[in-house]
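Please consult the structure shown below.

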Amino acid sequence: MAALGWLTPRRRSATARSVLAGEASAEAARKTALADEPPGGRDFPGATEAERPARPEAPQEPAAPAVPAAPAAPEFPVAGDDLAAAFFDLDNTVMQGAAIFHFGRGLYKREFFRRRELARFAWQQAWFRLAGVEDPEHMQDARDSALSIVKGHKVSELMSIGEEIYDEYMAVRIWPGTRALAQAHLDAGQKVWLVTAAPVETATIIARRLGLTGALGTVAESVDGVYTGRLVGEPLHGPAKAEAVRALAAAEGLDLARCAAYSDSHNDIPMLSLVGHPYAINPDTKLRKHARTNDWRLRDYRTGRKAVKIGVPAAAGVGAIAGGTAAAIALHRRRK
């Protein structure tokens with residue numbers, strides 16, 4: 001029966017490694033946060049007034065003619081509240097798809113690894129989607145594969161390539177609705193952070209391109225600017241995300257009860273539960289159920305057809321990965 005262990009859902013709590021990962025991510029985020037943020041928030045760079053995402057409007061309750069109007073709900077986000085910040089998950093919350101997958105496509109295109117390694121990576125991702133839970137040994141194998149790709153490369157080299165990959169694959173996949181929510185916090189004078197299991201360097205590039213404050217992400221160890229192939233702690237996922245947010249809030253002097261967090265995944269319930277204003281964005285089935293039970297706000301920016309497919313069936317997950325693999329191989333063949 002041990003072989004079927006991945007069929008049984010398990011809830012993972014914070015460990016010493018997830019605390020270490022969170023603290024390392026918070027430290028890296030503060031070091032790389034943009035130092036030139038203007039007073040009153042940051043607009044999206046390079047956008048004209050017409051292109052700038054509209055700030056989402058709070059629904060207005062019409063008052064009955066003969067009945068005194070109820071007190072208006074306080075505006076959110078609260079302008080000028082410097083004890084509040086917003087934390088946004090990245091994959092399927094801010095951006096359609098997984099940042100690490102798009103980054104992998106870009107690295108494959110640049111011949112960082114062979115087709116056999118790409119197929120192995122695709123299988124590992126398909127297994128994760130099939131299982132729906134994190135098997136420690138399998139996650140370790142996937143982690144080792146990813147780290148072996150960047151081992152020995154300079155951090156500056158990956159950052160430069162990451163900028164190109166953002167333009168090639170990621171920029172067109174940003175959800176306008178979530179982007180507008182982030183802008184609302186910036187307009188209110190609050191800091192906005194991405195929180196993701198993607199490498200902190202990749203996350204920082206995306207945050208910078210969107211005009212956000214910075215990013216919390218998985219920290220890979222480097223010595224003299226060169227990746228060693230090891231992580232600091234563990235990937236920033238699940239409880240580790242909550243630890244990163246907690247550590248950053250402590251360092252920044254934030255009141256988490258006044259902060260907001262946004263995510264699509266039930267894996268981020270620990271992070272969402274930390275703040276006073278949790279939002280389920282494009283939620284999976286488990287998060288949607290949890291959000292409704294706890295009276296959390298929900299937003300869905302997918303099309304009607306996609307929104308129905310909450311909790312992607314296993315076969316669809318395998319198909320998506322297989323399609324991505326085929327596309328990457330096709331790109332490689334065209335370049336030959």
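Q: Is phenylalanine 88 buried or exposed?
A: The model is a predicted one. The relative accessibility of phenylalanine 88 is 1%. Because a residue under 20% counts as buried, phenylalanine 88 is classed as buried.

Q: How many aromatic pairs does a search of the whole structure find?
A: Rings are taken as a pair if their centres lie within 6.5 Å. With the whole structure searched, the number of aromatic pairs is 2.

Q: How is the pair of phenylalanine 88 and tyrosine 262 classed?
A: The ring centres are 4.1 Å apart, and the planes stand at 5°. Planes under 30 degrees apart meet the criterion for stacking. The pair of phenylalanine 88 and tyrosine 262 is therefore stacked.

Q: How many residues apart in sequence are the parts that phenylalanine 88 and tyrosine 262 tie together?
A: Phenylalanine 88 belongs to strand E1 (residues 85-89), while tyrosine 262 belongs to strand E6 (residues 260-263). The pair therefore ties together parts whose separation in sequence is 174 residues.

Q: Which strand holds tyrosine 279, whose ring pairs with that of tyrosine 262?
A: The rings of tyrosine 262 and tyrosine 279 have centres 4.6 Å apart and planes at 20°, so they are stacked. This pair links distant parts of the chain, 17 residues apart. Tyrosine 262 lies in strand E6, and tyrosine 279 lies in strand E7.

Q: Which residues do ring pairs link into a cluster?
A: Tyrosine 262 is buried at 1% relative accessibility, and tyrosine 279 is buried at 4%. Ring pairs link into a cluster Phe88, Tyr262 and Tyr279.

Technical notes
Residues numbered from 1 in each chain as written. Predicted model: local features only at pLDDT ≥ 70, side-chain atom pairs only at ≥ 80, totals over all residues. Heavy atoms only, no water. Phe/Tyr/Trp six-rings, centres within 6.5 Å; stacked < 30°, edge-to-face > 60°. Helix = DSSP H or I, 4+ residues; strand = E, 2+ residues; numbered from the N terminus. Buried < 20%, exposed > 50% of the residue type's maximum accessible area, 1.4 Å probe, protein only.
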